[in-house]
Amino acid sequence: MATTYTGQNAYDDALTYSRNITIPSATQIRLVDSVNSEIWTYFPWPWTLQTLTAISLAANTQDYALSGSDTNFRSLTKAWITRTDTAPDKYYGPLSIVDYLLPELDVKGVVNQRQIAYQRVAGNLRFRLEYSVVLGSGVAAQIDGEYWGNPTKITSLSSTFNFPDEFFTVL
């Protein structure tokens, strides 16, 4: 069973390893936050991944805004298209995540999408599909996926951070 550790636990263990060097409280918090952020941003560990809020597809649209509820978005790790007007839902993908896609004005489709990018479009960060979407009558589809979130800022020694027990010694 995973244990939830607090910054205080990490600090107490660090004191043991460092022969009880006294460190001011503000420095303790900064050090614990720094190490937590370093571990978090090193690799998209399973505990750093979150489910992308579904983004409904719209006809003749290639660019889509990130949902406002995904405020700690760092980068996309998985994406696919889900048709929700069928029973059961139909899944298309996975989509290849690329750095950049050009606007495509001629080709359109839903199920033939193969790529997605998270890029700056007209000054805003947007998801761009490989093609503009064409939706037939009664067709409903959405972008689903998983993303790597930003680390939670440690602001006090009572702040909690969750990761599997086997990584506690790394902290």
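A residue is called buried when its relative accessible area is under 20% and exposed when that area is over 50%, with partly exposed in between (1.4 Å probe, protein chains only). This is a predicted model, in which local features need pLDDT of at least 70, side-chain atom pairs count only at pLDDT 80 or more, and totals for chains, interfaces and linings use all residues. Residues are numbered from 1 along each chain as its sequence is written, and side-chain values use heavy atoms, without hydrogens and water.

**Confidence**
- The protein averages a pLDDT of 85, where pLDDT is the predictor's confidence in each residue, from 0 to 100.
- A score of at least 70 is reached by 86% of the residues.

**Helix H2**
- Helix H2 (residues 25-42) has 18 residues; helices are DSSP runs of H or I with at least four residues, and strands are runs of E with at least two, numbered from the N terminus.
- Its buried residues are Gln 28, Ile 29, Val 32, Asp 33, Asn 36, Ser 37, Ile 39 and Trp 40.
- These residues lie on the same side of H2 because they cover an arc of only 165° around the axis, the arc being that of the directions from the helix axis to the C-beta atoms.
- The face turned away from the buried side carries the exposed residues Ala 26, Arg 30, Glu 38 and Tyr 42.

Key. Expected span 1.5 Å × (residues − 1).
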